[in-house]
Amino acid sequence: MKNLKTVEQAKKEIEKLQGFVVLVESFHPETLEEQIIKEYAYIGSVEKVANKVNELGYSNDGRPFEKEDITNIIKGKPTNDLHKLIKSGFLKKTRHTRRKVEKYGW
């Protein structure tokens, strides 16, 4: 544990995490984009999601999916609660990288 939490803080975090698990497990994707969002919720890696989608035989206009394609889908306009949650978490997770690019222009 990074920081010692109070019992109340721990209970709130547990409820939040349980809500996330229920949301992901009860989500039934209807489009490829929704399937990608759900896969990211389970895997947590853009590269691994791209590999899995390609293994399943999907293509992006005749070419294999790449990390950038998956990132663009995640960063796109949320269409449901799961996508909204995944996008916010993804943006927090990648904030340090985006700040370097913005600051140094890489």
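This is a predicted model: local features need pLDDT of at least 70, side-chain atom pairs count only at pLDDT 80 or more; totals for chains, interfaces and linings use all residues.
Residues are numbered from 1 along each chain as its sequence is written, and side-chain values use heavy atoms, with hydrogens and water left out.

The protein chain has six helices and zero strands, giving the order α-α-α-α-α-α from the N terminus on. Helices (H or I, at least four residues) and strands (E, at least two) are DSSP runs, numbered from the N terminus. Of the 106 residues in the chain, 26% count as buried; buried means under 20% relative accessible area, exposed over 50%, and partly exposed in between (1.4 Å probe, protein chains only). Taking contacts between residues at least 6 apart in sequence, 39% join residues at least 24 apart, where contact means heavy atoms within 4.5 Å.

Now to H3 itself. The buried residues of this helix are Val46, Val49, Ala50 and Val53. Viewed down the axis of H3, they fall within an arc of 100°, so they line one face of the helix (the arc is that of the directions from the helix axis to the C-beta atoms). These buried residues pack against H2, H4 and helix H5 (81-93). On the face of H3 turned away from the buried side sit the exposed residues Lys48 and Glu55.

Two packed helices are described by the angle between their axes and the distance between the axes. For helix H3 (residues 46-55) and helix H4 (residues 67-75), the axes come within 8 Å and cross at roughly 105°, which means H3 is roughly perpendicular to H4. Axes are lines fitted to C-alpha atoms, for helices over the stretch in contact, and angles run from 0 to 180 degrees between N-to-C directions. Angles under 35 degrees count as roughly parallel, over 145 as roughly antiparallel, 65 to 115 as roughly perpendicular and the rest as oblique. On the H3 side, Val46, Glu47, Val49 and Ala50 meet Lys67, Ile70, Thr71 and Ile74 of H4. Sorted by class, this contact has five nonpolar, one polar and two charged residues (Ala, Val, Leu, Ile, Met, Phe, Trp, Tyr, Cys and Pro count as nonpolar, Asp, Glu, Lys and Arg as charged, and the others, Gly among them, as polar).

Valine 49, in helix H3, is buried, with a relative accessible area of 0%. Setting aside neighbours within four places in sequence, valine 49 is in contact with Ile36, Glu39, Tyr40, Ile43 and Ile70. Its C-alpha atom is separated by 9.2 Å from that of glutamate 66, 17 residues apart along the chain. Glutamate 39, one of those contacts, lies in helix H2 (residues 32-43) and counts as buried at 12% relative accessibility. Not counting residues up to four places away in sequence, glutamate 39 touches Gly44, Val49 and Lys52.

Past the end of H3, the backbone has a couple of things to look at. Just after this helix, glycine 57 takes a positive phi of about 95°. Aspartate 61, in the loop between H3 and H4, has a positive phi of about 55° although it is not a glycine. Aspartate 61 is exposed, with a relative accessible area of 80%.
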